[in-house]
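I open this notebook to record what I looked up in the structure. The entries follow the order in which I worked.

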Amino acid sequence: MIPARVIERKRDGHAIEPGVLAEFLDAYLRGEVPDYQMSAFLMAAYLRGLDDAETDVLVLRMLESGRTLDLSALPGPRVDKHSTGGVGDKVSLALAPLVAALDVFVPMMAGRGLGHTTGTLDKLEAIPGFTTDVSLARFVEILRRVGCAMIGQTAEIAPLDKRLYALRDVTGTVSAIPLLAASIMSKKLAEGLDGLLLDVKVGAGAFIPEEERAHELARKMVAIGSARGLRTVALLTAMDRPLGHAIGNGLETAEAISCLRGDGPEDLRELVLTQAGEMLRLGYPDVAPEEARRRAERGLDSGEALERFRTLVEAQGGDARVIDEPERLKTAAVRRDVVTDRAGVVLEVGPRALGEGVIALGGGRTMMHQPIHPGVGFEVLVAPGDAVDPGTRIGVVHARDEAGGRAGEEVLRGTVRLGEAGEAAPPPLALVGRRIAAG
Ligand code: URA
């Protein structure tokens, strides 16, 4: 295998023979192919694509570059979920304890903020003391005791993906469908799961906004999982507007807790219940969809899911008092109400600019390992279709200082697009769209 020939073949649009691709990837992991050659290959793959056989090789080399968890000793099915990332997407925080309360183990390996989106790990760390940096042995112990545990990707899981991901992040090659699919699925296959739910976001705030391409990503991931005996289901869900009202790590954690209390925005509750029903059925395929939904509603409304979350927070070192006293979450110094100065109708709430606004407020990273301010962000109090009058509060900016508050106000005003009274807002995407399963 000569690395330059592999790059040239992909550059010219040819498929790489599986054995040769495997050798190329393994040589990279051993340090025998440098980053500059791998970067060139990734760009060629981004532009020319990878066929199914090549994608399979990539998944397998990533998976086999690290450990696979053996969770078969747990007394129940193991099911995880992965979201491709959206603005205000705090579903996992409420979903994992709810599904654990339904007797399904949820070994969740989650991510940090990526691009314009916040990440589950950063949201959890808005809880004072909460640590997501635990050993695999401790992860399994918490999982056994609580029913769910939430950590980041460890060095032992798919290290080839970890290295390739870091390169993709800085070479403009993240959003290629085969690269995304292989990266996500290699880590999930390493978790030793019985089932996997994929939440594939669609719309302006998603990494892949176009529905057809999002559908292709979903199909590819379902095919990869199913080919390896992992029951995999994907849902396309709306990201043409933010999910819920809160955007920003600590604010989203507070909103997830209010969802666990049976309050909170309706779209968040609906997505949590839909996904919980799917995960229950991935764990217990004989349960009918209506029964799964009923059990999910009962788990949420009885407070069982909230109590699971309390146990999880304690097990991972967090201050569980935040559950009853959300003001104990890390907060920002300045709160600034934003009101309209005219009457009209809300035509659009742009998710991407709000996500980028959180980063500008200091709540996300522009460089790896940068510290973040968990309390900053936005509460958005209007949705497309809402009528407003002069003085209607459209949102609240949470910032570190007055200058941040003013800058945040500009962002919020820019993302809430107002039309004339009586004007119709464009039809929103369905909150839950297509469902993709094997077969
Ligand atoms: N998350 C992943 O795990 N991999 C990607 O490539 C993008 C998001």
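**Helix α13.** I checked the length of helix α13, residues 289-301, in this predicted model. With 13 residues at 1.5 Å a residue, α13 should span 18 Å, and I found its end C-alpha atoms 18 Å apart, which agrees.

I then asked which residues of α13 are buried. They are Ala292, Ala296, Gly299 and Leu300. Viewed down the axis of α13, these buried residues fall within an arc of 95°, so they line one face of the helix. I note the general rule that an α-helix has 3.6 residues a turn, so residues three or four places apart point the same way.

On the face of α13 turned away from the buried side I found the exposed residues Glu290 and Arg298. I next looked up what the buried residues of α13 pack against: the partners are α5 (91-101), α11 (249-260), α12 (266-283) and α14 (304-315). Just after α13, I recorded a positive phi of about 85° at Gly303.

**Met62.** I located Met62 in helix α4, residues 52-64. Is Met62 buried or exposed? Its relative accessibility is 2%, and because buried means under 20%, Met62 counts as buried. Setting aside residues up to four places away in sequence, I listed its contacts as Ala158, Leu160, Asp161, Leu164, Ala182, Ser183 and Ser186. I also looked up the separation of Met62 and Val380: 318 residues in sequence and 40 Å in space, C-alpha to C-alpha.

**Leu198.** I found Leu198 in strand β4, residues 195-202. Leu198 has a relative accessible area of 0% and is therefore buried. Which residues does Leu198 contact, beyond its neighbours within four places in sequence? I recorded His82, Ile184, Met185, Met221, Val222, Thr232, Val233, Ala234 and Leu235. Last, I looked up Leu198 and Glu266, which are 68 residues apart in sequence and 21 Å apart in space, C-alpha to C-alpha.

Notes
Residues numbered from 1 in each chain as written. Predicted model: local features only at pLDDT ≥ 70, side-chain atom pairs only at ≥ 80, totals over all residues. Heavy atoms only, no water. Helix = DSSP H or I, 4+ residues; strand = E, 2+ residues; numbered from the N terminus. Expected span 1.5 Å × (residues − 1). Buried < 20%, exposed > 50% of the residue type's maximum accessible area, 1.4 Å probe, protein only. Arc of directions from axis to C-beta. Contact = heavy atoms within 4.5 Å.
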